[in-house]
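Here is a friendly walk through one protein model. Have a look at the structure below, and then let us explore it together.

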Amino acid sequence: MRTARFTLDPAFTIGEVNPRLFGSFVEHLGRCVYTGIFEPGHPAADADGIRQDVLDLVRELGVTAIRYPGGNFVSGYKWEDSVGPAEDRPRRLDLAWHSTETNRFGLSEYIAFLRRIGPQAEPMMAVNLGTRGVAEALELQEYANHPSGTDLSDRRRAHGDKDPYGIRLWCLGNEMDGPWQTGHKTAEEYGRIAAETARAMRQQDPSVELVACGSSGQSMETFAEWEATVLKETYDLVDYISLHAYYEPVDGDLDSFLASAVDMESFIENVVATCDHIGARLKSKKRINLSFDEWNVWYMTRWQEQATTFEQDDWPEAPRLLEDNYSVTDAVVFGSLLIALLRHADRVTVACLAQLVNVIAPIMTEPGGPAWRQTTFFPFAQASRYGRGRVLDVRVDSPTYETSKYGETDLLHATAVRAEDGTVTVFAVNRDRTESLPLDVALNGLDLTRIVEHSVLADADPDARNTLDEPERVAPHPGEGAQLADGRLTAVLEPLSWNMIRLG
Ligand code: AHR
C-alpha cells in the first residue's frame, strides 16, 4: 500500500508562528458588517448593535488581527464620514460594491467590536490611497492614535472615545495594481505615494508597522515587477508587502483545485525572492516580511457573472453579495491553504482570512435569525488554537497524483507545530478523492508518548455543507486507529480529508 512519510525533529524548524497569522478581514461589503456583526434590534444584539451570537463564534474561531474597512471599499473611504454621532453620518455611494453605505457602523464601532472580542483581537487599518492621499492618512492616524490636545484627537474624545485606539498595523491602500480598483495606479505611481504616505505616518509615529500593496494575485500581468518597483521606493519605509489569493475549481477540475496550495506556496516563495533581491540590490540588512492579507476559497466566477447583472440605478444597502456556501471539499482546500501559510511562518507573519462574516466567510448569519459555522470554520479554529509555537520543517515523501494545472502533486500536504510545552500538532490533508492515505511519521528527539486527539473533517458526501436549514450537517469527527509506538506515529487519513493529530 502507498504510504506517505515524513520525519519530525526539533532541530529542524521553519520559524515561530506569529499570532497574526490567524487574522481575518471585515470589509464594508454585502452583509459582512450590516446584519453580520452589527444588527441593532436583533434578539442577540447588545445595546450597541453587536450580535453576541456572532461574537461568540468569532472568539471560538480564534481570529487575531482584523483588517478593516476594505478591500476595494477602502479606495473610496472617507474616514471622517464614519465617526461622530451616528445620526449625523452621511450616506454615500460605494462604487466598489455598487451599494449604499450608511456609515451607521464606523471606526469607533470597529474598535468597540475588537475590544469585545478580547485581547487577542488587534486592529489592522487600511488607508485610502485610491481617491485620497498623504494628508487624509495622517488625519486618520491622528484621530485614531494621538492621545489628546490636537484638533483631531480631541474630536475623537468629544465623540466619546477618550482612549486612543492604538492602531499599530496599517495597510497603505488596497490592491492598487488591480484595474478594478478606484484610483488604480501604475507601480511607479503607487510606489511614490506609498513611500510618501509611509514617511509622513512614521514622522507622526515611528512605531507604526506598514504594509505596502503587493500584487492582487500571482497571475497578474505585472506580478513581481510590481513588487520590485514598489519596494525600490519603499524598502526602508515599510515592514510588509501584501499578497492576495483566492482559489476556486475551474471547469470542474477538482484535482487541480485540491492542489491550490501549490500555487499559494510558489506565490509566497516568489515574493520572498523578490523582496530579498531588492534588499540585496539596496545592500540592506532589513528583511521585508509578508502580509498575506486576503486568502480564501472564493467562487469568484459566479460573483463576476452576478456583477454584470447589477441594476445601475439601484444602490442597495447591505445586499447579499459573495455569500459562498462552502462544501467539505472547499474546507479541505482551505485547510491546505492554512498549511501553506504555516509552512512559511518564517516570512508570512501576518495573514487575513477574507472575510469574517457572510462574505466568503466561515461564519454565516440570517437577519433576525441564527448564526452558524461553515465547513471552513473548523480547520481555521483548530489551526488557530493548536498551531501556536514553532513550525517544524516537514519534508514529505508522498505518493503523488496528476493534476492538469500543477502536474505531479503530492497527495499529502502537511505541517507540524511544536508548542512551548513540547506537545506537537500535525495538520495534514489527504488530497486523494477516493482512497485513504496511510501516514507514517518518524519522531526524532521529541518526548511524545501519546495521541491526545485525532480530529478529521471528511464526509461520505464531499459536497455536504452547513446551511440555515441544516447548520450542523458537517463537523469534525474523531479519527480511528492512529497509533504512537517506538517513536513513530502511524495513522490512516480518510479520502479527501483535513486532519489534526495532537501528540502529547
Ligand atoms: O475580499 C473581497 C475583495 O477581494 C476585496 O475587497 C478586494 O481587495 C479583493 O479583490
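The sulfur of Cys171 lies 6.9 Å from the closest cysteine sulfur, which belongs to Cys352, and that is too far for a bond. A disulfide is a pair of cysteine sulfur atoms within 2.5 Å, and the structure holds zero of them. Cys171 is buried, with a relative accessible area of 1%, and Cys352 counts as buried at 0%. Here, buried means under 20% relative accessible area, exposed means over 50%, and partly exposed is in between (1.4 Å probe, protein chains only).

This is a predicted model, in which local features need pLDDT of at least 70 and side-chain atom pairs count only at pLDDT 80 or more, while totals for chains, interfaces and linings use all residues. Residues are numbered from 1 along each chain as its sequence is written, and side-chain values use heavy atoms, with hydrogens and water left out.

Next, find the ligand. Which residues are around the ligand? Among them are Phe25, Glu27, Trp97, Tyr246 and Trp298, where a residue counts as near if one of its heavy atoms lies within 4 Å. The table gives polar contacts, which are pairs of N or O atoms within 3.5 Å.

| Protein atom (N or O) | Distance to a ligand oxygen atom |
|---|---|
| Asn72, backbone | 2.9 Å |
| Asn174, side chain | 3.0 Å |
| Gln355, side chain | 3.0 Å |

The protein covers 95% of the 280 Å² of accessible area that the ligand has on its own; such areas come from the Shrake-Rupley method with a 1.4 Å probe.

Now turn to strand β7, residues 122-127. Strands (E, at least two residues) and helices (H or I, at least four) are DSSP runs, numbered from the N terminus. In a regular strand the side chains alternate between the two faces of the sheet. On one side of β7 sit Glu122, Met124 and Ala126, on the other Pro123, Met125 and Val127, and all of these are buried. Strands pair if DSSP finds at least two bridges between them. Four bridges join β7 to β4 (residues 65-68), running parallel, and Ile66 has Pro123 as its bridge partner. Four bridges also join β7 to β8 (residues 169-172), again parallel, with Val127 opposite Leu172.

Finally, is Ser384 buried or exposed? Ser384 lies in helix α11 (residues 377-386) and counts as buried at 4% relative accessibility. Eight of the 10 residues of α11 are buried, so this helix is largely enclosed by the rest of the structure.

Key: Polar contact = N/O pair within 3.5 Å; in protein donor to acceptor, adjacent residues only side chain to side chain.
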